[in-house]
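Hi,

Here is the structure I promised to pass on.

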Amino acid sequence: MIVDAKWVERNLGFDPIARHPPPKTFAVAEASTKSARIEDIQREIIDFDSEAPSGKEFLAFTTATGLSRYTDVKWPQGLGPRTDSAVRRGKNGRLPKADVLVVTWTVDEGHALSRVLTPGKDSRNDYLSYKHNYGAISRKMRIGCPARIAKRLGAYWTTSIGKKKIVVFKSDSHMSQDGPALPNIDVWKQIIEEVDPELVITTGTAGGIGKQFEVGDVVVSPVVRFDCIAKFKKEKFHADDYSSSALIKKQFASAKTLFKANSAQLPPENKRQPRIFPAQPRQLKSSVVTTDFFGFDTSNNHYKLQGLGNVSEMGDAILGLVASGLKSKAPRWVAVRNVSDPQIKAKGLTLQQQAALAAQIYKGFGRWSSVCSAIVCWALIAA
């Protein structure tokens, strides 16, 4: 799938190049102008909330649908997520121990993940704020980053699948937002130490690399790699890659069946049901690529992402870096990323316009593609 402004018009009801969305449809004021910086567009993706007033305005302006249309998944008997009525807590503000730690990132990813894994508890309205060591860690963060604005490191709730206890964590700390001191490393170290899980999953949206991907496809990878050519290009890890254990895929067939309950909310021009693209350790060409810039795949390969992996995003390789430092004490980990925006057709568009297209596609379908990756998280836990 290669998309352009006319594809957006056919699937979301407007051409964002010819008809710029109204300012009231944006979560970030700086992103609402035609001359917005690419960094502002990136922040719009992080902060956009389809259930906030600006999100409601976006839904009214477009043909996109909100999570009020979400259809409950019919889980295999005995394997449905069971949300704790009262969140489990650790001592002195720590996270509780659990078998699995699941971490997601943007506001709409949080909404989608909570619908799937903590039904009845929403990441924005219900999850417990996590502030352990916020004072010390936030001193490393730049003013204006999401965690400093929220005055916390994230929010969480607890649930279970079968006999496994799970902490679902919506992070407010981001590699791309926190600043040059990279306090996101500290956050990852702390939450892994506190939960002491057997499995860690990082999950959310990403840009597909290559025209084989459609919105809603899910890349499941125990290999991540850095592609840092901007603000972290001098760091030792700037081009490093990391691998974890092989995937356990026995519930993937069930997951693909479970996609069907909500796949009608994905782009009308999708030609098939979402697919799962599993990778094995050391398969670098099928990895999740972590950039230190808001990169996305284009038909002219502007950011030179093609051949590096299956999707690009801005944080998962930090987990690989942290796990590598834990050596034999490291838990199994995996990156689960859904394709929220496919390859962008570059011809006739500036790079800023291409970025704006990617953002509008995310705003239209990011929560629905995240439902797919959340179901894959379930499949990994239930395996």
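This is a predicted model: local features need pLDDT of at least 70, side-chain atom pairs count only at pLDDT 80 or more; totals for chains, interfaces and linings use all residues.

Core first. The largest nonpolar core has 119 residues, and Leu101, Trp188, Ile201 and Val220 touch the most other members. Helix 10 gives the largest share of this core, 19 residues. If you click on valine 220, you'll find that the residues it touches include Leu247, Phe252, Phe277, Val336 and Leu380, leaving aside anything up to four places away in sequence.

Helix 10 (residues 351-382) also packs with helix 2 (residues 38-47), at an angle of about 5 degrees and with the axes 10 Å apart. Angles under 35 degrees count as roughly parallel, so that is what we call this pair. On the helix 2 side the contact is made by Ile38, Ile41, Glu44 and Ile45, and on the helix 10 side the residues include Leu351, Ala355 and Tyr362. By class, this contact has eight nonpolar, one polar and two charged residues.

Now the charges: there are 18 salt bridges. Which ones might you look at?

- Arginine 337 with glutamate 313, closest N and O atoms 3.3 Å apart. The pair links strand 14 to strand 13, 24 residues apart. Arginine 337 is buried at 4% relative accessibility, and glutamate 313 is buried at 6%.
- Lysine 170 with aspartate 172, also listed at 3.3 Å. Lysine 170 is buried at 8%, as is aspartate 172 at 7%.
- Glutamate 57 with lysine 24, at 3.8 Å. Here glutamate 57 is partly exposed (31%) and lysine 24 is exposed (53%).

Cheers

Conventions
Residues are numbered from 1 along each chain as its sequence is written. Side-chain values use heavy atoms; hydrogens and water are left out. Axes are lines fitted to C-alpha atoms, for helices over the stretch in contact, and angles run from 0 to 180 degrees between N-to-C directions. Helices (H or I, at least four residues) and strands (E, at least two) are DSSP runs, numbered from the N terminus. Angles under 35 degrees count as roughly parallel, over 145 as roughly antiparallel, 65 to 115 as roughly perpendicular and the rest as oblique. Contact means heavy atoms within 4.5 Å. Ala, Val, Leu, Ile, Met, Phe, Trp, Tyr, Cys and Pro count as nonpolar, Asp, Glu, Lys and Arg as charged, and the others, Gly among them, as polar. A nonpolar core is a set of buried Ala, Val, Leu, Ile, Met, Phe, Trp, Tyr and Cys residues joined through side-chain atoms within 4.5 Å. Buried means under 20% relative accessible area, exposed over 50%, partly exposed in between (1.4 Å probe, protein chains only). A salt bridge is a side-chain nitrogen of Lys or Arg within 4 Å of a carboxyl oxygen of Asp or Glu.
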